[in-house]
Amino acid sequence: MVEKSTPFSFIKPLLYRYFCGNNNSHSNTTKMSNNKTIKSALISVFSKDGLEPIVKQLDQQGVTIYSTGGTQKFINDLGIDVVPAEDITSYPSILGGRVKTLHPKIFGGILNRQDNAQDVAELIAYEIPQIDAVIVDLYPFEKTVSSGASEQEIIEKIDIGGISLIRAAAKNYNDVICVSSVNDYAEFLKLISKDNGSVSLEDRKRFATKSFNVSSHYDSAIFNYFNKNHEEAAIKISETNGKVLRYGENPHQKGFFFGDFDALFTKLHGKELSYNNLLDVDAAVNLMNEFKNDAPTFAILKHNNACGLAQRDTLHQAYTDALAGDPVSAFGGVLISNTEIDNTTAEEIHKLFCEVVIAPSFSDDALALLKGKKNRILLILNDIKLPQSSVRTCLNGILVQDKDTITDAIENLSNVTNNKPTETELEDLIFASKICKHTKSNTIVLAKNKQLCASGTGQTSRVDALNQAIHKAQSFNFNLKGAVMASDAFFPFPDCVEIADNAGITAVIQPGGSIKDQLSIDYCNVHKIAMVFTGTRHFKH
């Protein structure tokens, strides 16, 4: 243990190691072993969870422990000797705890290069103790922000000393091991419990990588808090929850998911989600958010687009009618409900091969039945806020935009034709518009009685999208007389309303905004079709 009676007691272990270590050969000390035995550790953490066994193990191995404030008290209360940082720096914690470890005698002990004679000489000259391990847990900045705390409370949770200690220790991984998160305590304890606390260079570098991950994420969170109004045209994305997927979009591509999937979903059953599963689940969740508080609604998606969707008085009927929209494409699809899935509905779902079923909840009987297919993924969708921006790679950079959060509503529609939509048509128009918003452009959506009849998706022309939708609806025996049409963008020519009219469509919803809008309006007036403008385009590329 540290001898406190002499001013040089801190550096005696260092002198011994430098001049007498490694087979007692000074020349060999310049070729430091890859393994380092921890003889001293600085511990300064916010959360003490999981710290006790580490402290006890270090003490058992005769490690000198330095600490500050609450951590120092915690260690003392365990009956373990600890050297206060003030004994090294000759300065107390000042400014209400804002300055504790920011001192050359602390950082010199961390940043010195043990194979550098000049560094070692300066440690001796300035009576700086060598520090072999740094254990730091940062102030919970993100948790404080999410709690709705005041700005002053948030500012006080910006860690200065801790982040500096992490960067210094990680930088000097050649001589120091840095433990920067409670998530790494168990691994560190296992590491020091073997070989009497000897740690390899490989492990020190690995922990340094973890530490820079912590520090960069922490700085990104702080920047994003200050830049929440986007005054600076910069993007800082940091996700520390990473998952390796089986592969990417195709088997020859690597795939990863970064994010807190478990915060959004409770997985009840099934295999691991694939890259493509996740894309379809994302599309399903965003689509169903449009119907979150509506009557029972069921959607079936394939390749990010709805191939079936219906809203009914019962979920069973909603599922049945959603499936009728395209029973062929439904095979291998992703299913989602806006309400609890009951046993009656589950019995019908169970007849279909599907990859994923998502709902706010499942009845006990429904869950037991749906678990009958071992690979079928069952997810409970938790009620959390989704990101309000979207990000995608583009060329050699990144595209960022606000999410399309505008949902067309009846009160915002402009009647532009002599014929006005009936109440039923208005409800269908809004229903179709919601689906259209979440369908790949160019798209046309046909709906009737709150059921998706068909959609034309991802076409290079709006005419092609409409013809595709009509052909598909007719192939599944839908009678389009009295159906409505939704378009994600305006009609530059009257050809689409003419084709729709010939198919039996009686009402149209579109953004408007073409310099030739009047041509479509005139056709609708002559043929007694109701058309409304939303004023909002919903491209989805």
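How much space lies in the second largest pocket? The legends below concern a predicted model, and the first of them takes up this question.

**View 1. The second largest pocket and the residues around it.** The space in this pocket amounts to about 650 Å³. Its lining consists of 21 residues, and those nearest the centre are Ser 180, Ser 181, Asn 183, Val 214 and His 217. Sorted by class, the lining residues comprise 8 nonpolar, 8 polar and 5 charged ones.

**View 2. Helices that contribute to the second largest pocket.** At least two lining residues come from each of helix 8 (141–146) and helix 12 (201–226). The greatest contribution to the lining is that of helix 12, which provides 5 residues.

View 3. The strands follow the order 10-15-14-13-11-12, and their pairing is mixed. At the edges are strand 10 (265–269) and strand 12 (305–311), each of which pairs on one side only. On average, neighbouring strands are turned by 20° against each other, with direction ignored.

**View 4. The pairing of strand 11 with strand 13.** Residues 297–302 form strand 11 and residues 333–337 form strand 13; the two pair in the antiparallel sense over 4 bridges. Within this pairing, Phe 298 has Ser 337 of strand 13 as its bridge partner.

**View 5. Two helices that lie across strands of the sheet.** Helix 14 (residues 275–288) lies across strands 10, 11, 12, 13, 14 (354–359) and 15 (377–381), and runs at about 150° to strand 11. Helix 15 (residues 315–324) lies across strands 11, 12 and 13, and runs at about 30° to strand 11.

Technical notes: Residues numbered from 1 in each chain as written. Predicted model: local features only at pLDDT ≥ 70, side-chain atom pairs only at ≥ 80, totals over all residues. Heavy atoms only, no water. Pairing = 2+ DSSP bridges. Axes fitted to C-alpha atoms, helices over the stretch in contact; angles between N-to-C directions. Contact = heavy atoms within 4.5 Å. 1 Å grid on protein atoms, 1.4 Å probe; cavity = no way out; pocket = protein on both sides within 12 Å on 5 of 7 lines; lining within 4 Å. Points joined across faces, edges and corners; volume = space filled by probe spheres on them. Nonpolar A, V, L, I, M, F, W, Y, C, P; charged D, E, K, R; others polar.
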